[in-house]
Structures are given as structure tokens and as C-alpha cells.
Amino acid sequence: MASNNQFVTFNNGEKYPILGLGTWKSKPGVVEEAVRVAIDTGYRHFDCAMFYGNEQEIGNAIKQKIDEGVVAREDLYITSKLWNIFHQPEIVETVLKKTLSDLQVEYLDLYLIHWPMAFKEGGLNDDFIPKDDDGATIEGNGSYIETWKAMEQLVENGLVRSIGVSNFNKRQIEDILSVATVKPVNNQVECHPYLNQNQLKKYCEEQGIVLTAYSPLGSPDNPWKKPEDHSLLEDPKIIEIADKYSKSAAQVIIKYQIQRGVMVIPKSVTKNRIESNFDVWDFELEQEDMDQIDIYDCGARFVHMKGNMHFKDYPFNDEY
């Protein structure tokens, strides 16, 4: 089954669809059907993570569509992430194999270190967010540099095609590059018109690292969202541009990232939104509109993890 999409090329020569389906906050009970709908719509890139707690359901949907002959495994591009309590090198492969088992696949196309911050070290049966008696998250002793060396071994062992990072700043990427024998291909970060990440994007591109935009629609269901936070999808300036092209605000925002060469993973579990978010291949934003959207950047971060600001590897204290 053919699928509309554009592809980016990683620094290792692997190609990846620029538009995928995000699955953060997609609850068990609905995410399986969402992935089935997405595959039928034409999505081939699926962004997952053990921390999201829904990889088994996603795996069920993928297996069903493969069994039905709608897609083959090699048509799909599956990303997952190593959570913060698993930074110790000796556990990395064990954790990955749990993800592979849940997703019912033999390899991942892309595996990321979810955050540079290490939480208190744990195993697969431990709390993913370890807390002290005051309810604060407990920091771990892990080093993402040592974690990276274990990630490289996954490539050597044929368990993942490509590796990268998520929520890393420029300095932290430099740390990885200083030791890497397998370069990161991707840095997945919050990115939308209110936080366009232009400086980080430029740096990553200079290093041959592709950016992926998570929460590209402004994370309207973000659990930390405050009532006074701006709604990107209701921004009259975005809506005005959308009306010009007879498209939705979401479609314009997604197209904005695609035209920047940024991979983008809007999340939805609603059939018509899943389909609408993928219906972006029949128009191009004019350069004046791309420039106008760039102006909306105001450094507004919806996913800030402020409770971890004192951690040694908290990424958002640096300029970018």
C-alpha cells in the first residue's frame, strides 16, 4: 500500500518519513485503534516510548496491520525511547528488548535517550518516577555519555538501525559527539511556532543531526498547561494564514515544520484529526508566511520539567 510522505535522510544514510504519529498521552484503550487508523491513512512513522505505557497496544495494532497485509515491517519506521531510570549501561539492552517484545518487532528504526537527566536507577518493575518522602523526584548518578556507549552497542548488535537523543541542549550534544563512534542522527525536542528552536536547529544541522518536533501543535492536552497559556491552534494570526490556504491551523503548523526540514509527530486518537493531520501534501506555504510564523517565537515552553531544574543534567538552563 503506497503512502504519501516526504523523507529526511539521516547522517548514516537511513531515510525516515518526515511526518509521523505521536503517541504521548494516548491512553490504553484508544491508542490501538488510533494506530490502526493511522496506518490505513498512510502514516508509516510511529513515535513511541516505554514511559508512555502504551507500547503493547501499539504493537497489537502494528501486528494486525502486518498480518492483514496492509503493510510490511520494512514499510514502517518505529521510534522508541530509553527512560530516565535506565541510564546505567548494563541495563540498556534489557530495556530495549522489553520494548521490542511489547511492540512485537525484531528491531527499532530509531532509539533515543528520552532525557539527558538520570533519575534514581531502577529496573523494569520499579517506579518510572522515583520519589522521596517529600514527593520530589530522586536524581540518579547516571551519565548520558556512558549511556550513549551502550546505545552504540545496540546498533552493533543489529537491534536498532539508528540512535539519537531527546530534550538535549547544544552542550549536551557536544558531549555526546566528543565520544561517539556512532553519531546521533536525531534530537527530538518540543518545537512549535511559539518555540521554533531556530538556534538549536541550526546547530544540529551543522552536525548532521535532524530535529524532530514534539508537541508541534502546542500540546493542547499537556498536563502542565495553565489556563492563561496561549492556545496555538486558536491563535488568530495562525488562523488567518490557514484561511488563506483553506486549511486548518493544525495543517499549517505541521506544514511549517515539514518545510523547515523538521520531522514532526502530531498526536491524536481522533479519526478525523489523524486523517486531517496527514492531509498536508497538496499545498506549500509561501516564504512570507513561513517568515511570519517564525516571528511568533517567544520561547514559550509547555513541557518544562521545572521540578527537575536542580538536576545536574537538566537541559533547559542553557541558552539552547
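Which residues have the most contacts inside the largest nonpolar core? In this predicted model, where local features need pLDDT of at least 70 and side-chain atom pairs count only at pLDDT 80 or more, totals for chains, interfaces and linings use all residues. Residues are numbered from 1 along each chain as its sequence is written, and side-chain values use heavy atoms, with hydrogens and water left out.

The largest nonpolar core has 103 residues, and those with the most contacts inside it are Val35, Phe46, Phe86, Tyr111, Met151 and Leu285. Such a core is a set of buried Ala, Val, Leu, Ile, Met, Phe, Trp, Tyr and Cys residues joined through side-chain atoms within 4.5 Å; buried means under 20% relative accessible area, exposed over 50%, and partly exposed in between, with a 1.4 Å probe and protein chains only. Helix α8 gives the most to this core, with 7 residues, helices (H or I, at least four residues) and strands (E, at least two) being DSSP runs numbered from the N terminus. Leaving aside neighbours within four places in sequence, Met151 is in contact (heavy atoms within 4.5 Å) with Leu82, Val92, Tyr111, Leu112, Ile113, Ile163 and Gly164.

In helix α9 (residues 271-278), the buried residues are Ile274, Asn277 and Phe278. They cover an arc of only 100 degrees around the axis, which puts them on the same side of α9; the arc is that of the directions from the helix axis to the C-beta atoms. On the other side of α9, Asn272 and Arg273 are exposed, while the cover over the buried residues includes β3 (21-22), α1 (31-41) and α8 (249-259).

The structure holds 14 aromatic pairs, in which rings of Phe, Tyr and Trp (its six-membered ring) have centres within 6.5 Å, with planes under 30 degrees apart counted as stacked, over 60 as edge-to-face and the rest as tilted. Two of these pairs are set out below.

| Pair | Centre to centre | Angle between planes | Class |
|---|---|---|---|
| Tyr43 and Phe278 | 4.6 Å | 40 degrees | tilted |
| Trp83 and Phe119 | 5.7 Å | 90 degrees | edge-to-face |

Tyr43, in the loop between α1 and β4 (45-47), and Phe278, in helix α9, are 235 residues apart, and their pair links distant parts of the chain. Tyr43 counts as buried because its relative accessibility is 0%, and Phe278 is buried with a relative accessible area of 5%. Trp83 and Phe119 are both buried, and they belong to one aromatic cluster formed by Phe51, Trp83, Phe86, Phe119, Phe128 and Phe311.
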